[in-house]
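Dear colleague,

Please find below the structure that I am handing over to you. The notes that follow it set out what was found.

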Amino acid sequence: MSTDDTTTTDASTESKCGASEAKSASKASTETESKCGASTTETETESKCGGSSSSSSSSGCGASSSSEEEEVGATVDDFESEPGRLIAVGLGPGKPEGMTSRAKGALADAEHIVGYTTYIDLVPDEITDDAEDIYSTPMCGEVSRTEEAIDRALAGNDVAIVGSGDPNVYALAGLALEILESKGGTASAVDFEVVPGVPAAQSCGARLGAPLVNDTVSVSLSDHLTPMEEIESRLHAIAPEGFTISIYNPWSRKRRENFQRCCEILLEHRDPDTPVGIVHGAARDDEETLITDLGTLPELGEEDIIDMTTTIVVGNEDTYVWDDRMVTPRGYETKYDY
Ligand SMILES: C[S@@+](CC[C@H](N)C(=O)[O-])C[C@H]1O[C@@H](n2cnc3c(N)ncnc32)[C@H](O)[C@@H]1O
């Protein structure tokens, strides 16, 4: 799935997929053209495939007050073909060696691969070269991109929609099922399947040593879909408990204050000496890792290591640092001598 902040990256994707004469006019900021499955409605959104009756979302993400909700368009009844397959594939953190062989196999079998441009770039070239069609759009537009994938599947194609990490972790597996349901379809009709990938928390945990060995919760600081007051209330609920905390979407230019607020709340409940691991770009070329403590974390918000491809792991009260590794004891020491 995409991360949550609006960019104006250019894309020049043309897409052809399925049945009758859907047509969509791309947004000026993208050159995406998509033809796939159902009605003949023109839309002004990027990448509308299936013929929404109306949509004028510029991106559907970020904090822009002018963004309008993306609307789901064609229903299953608009498609005449036997549905194909729809697979949500998790790519893992970055390079192809971090992908599961099942994910590679599922992508190799897919006729169409759909995703945010950055994620499509993570798919090995030999797979994209062999695919019948690649449909990539810039960041955001998650709803229209997911609908595009669904409409292509409803039009009879075998489609993979890709995202980093795992499709069940702040990603599009749920959205795909929700849109499919809203179109009057069923998961079994399109043979929907989720192919898991290694989530960022686990990839980053591996870089840091063994910080996630006991109970862990994840929190996303993106307020694109969850209001910040709700995120704050969740942080207040989990911070006093004995969990290790994985923080996704920790920082972006548009919501740098969310990061500072998160640090303040954690410091209300946890010792400033609590070990914190920061991993930027796990398994990517710009990977960077830092182990620090909670008291130092707020001053790192403006450093390059914390951005939209960073995951932060905040230890629990038992987590310690040994030889540059974070260690969260599982509890064996309470039962065994070693
Ligand atoms: C929208 S979430 C997607 C999570 C993804 N589905 C997963 O399972 O990891 C995007 C966030 O995941 C984290 N992330 C994704 N890839 C990462 C990487 N290679 N290294 C560190 N964090 C990463 C960052 O916190 C980023 O802001």
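Is Tyr-332 buried or exposed? Tyr-332 is exposed, because its relative accessible area is 52%; buried means under 20% relative accessible area, exposed over 50%, and partly exposed in between, with a 1.4 Å probe and protein chains only.

Please note that this is a predicted model, in which local features need pLDDT of at least 70 and side-chain atom pairs count only at pLDDT 80 or more, while totals for chains, interfaces and linings use all residues. Residues are numbered from 1 along each chain as its sequence is written, and side-chain values use heavy atoms, with hydrogens and water left out.

**The ligand and its surroundings**

There are 24 residues around the ligand, and those that come nearest are Asp-166, Val-169, Ala-200, Met-308 and Thr-310; a residue is near a molecule if one of its heavy atoms lies within 4 Å of it. By class, this shell has 13 nonpolar, nine polar and two charged residues. Here Ala, Val, Leu, Ile, Met, Phe, Trp, Tyr, Cys and Pro count as nonpolar, Asp, Glu, Lys and Arg as charged, and the others, Gly among them, as polar.

Polar contacts (pairs of N or O atoms within 3.5 Å; within protein, one must be able to donate a hydrogen and the other to accept it, and residues adjacent in sequence count only if both atoms are side-chain atoms) are found as well. A polar backbone atom of Ala-282 is 2.9 Å from a nitrogen atom of the ligand. Polar side-chain atoms also lie by ligand nitrogen atoms, at 3.5 Å for Arg-284 and at 2.8 Å for Thr-311. The ligand taken alone exposes 570 Å², of which the protein buries 98%; these areas come from the Shrake-Rupley method with a 1.4 Å probe, and for residues only the protein chains shown count as cover.

Helix H6 (200-208) and strand S13 (310-314) are the elements that give two or more residues to the shell. Helices (H or I, at least four residues) and strands (E, at least two) are DSSP runs, numbered from the N terminus. Why does the ligand lie between domain 1 and domain 2? Domain 1 (14-195) and domain 2 (200-327) both give residues to the shell, so the ligand lies between them. The domain bounds come from an automatic or database domain assignment.

Thr-310 lies in strand S13 and is buried, with a relative accessible area of 2%. The C-alpha atoms of Thr-310 and His-280 are separated by 4.1 Å, although these residues are 30 apart along the chain.

**Two loop residues with positive phi**

Asn-249 has phi near 45°, a positive value in a residue other than glycine. Asn-249 belongs to the loop between strand S10 (244-248) and helix H8 (256-269) and is buried at 14% relative accessible area. Asp-323, with phi near 50°, also has a positive value in a residue other than glycine. The loop that holds Asp-323 runs between strand S14 (320-322) and strand S15 (325-327), and Asp-323 is exposed at 54%.
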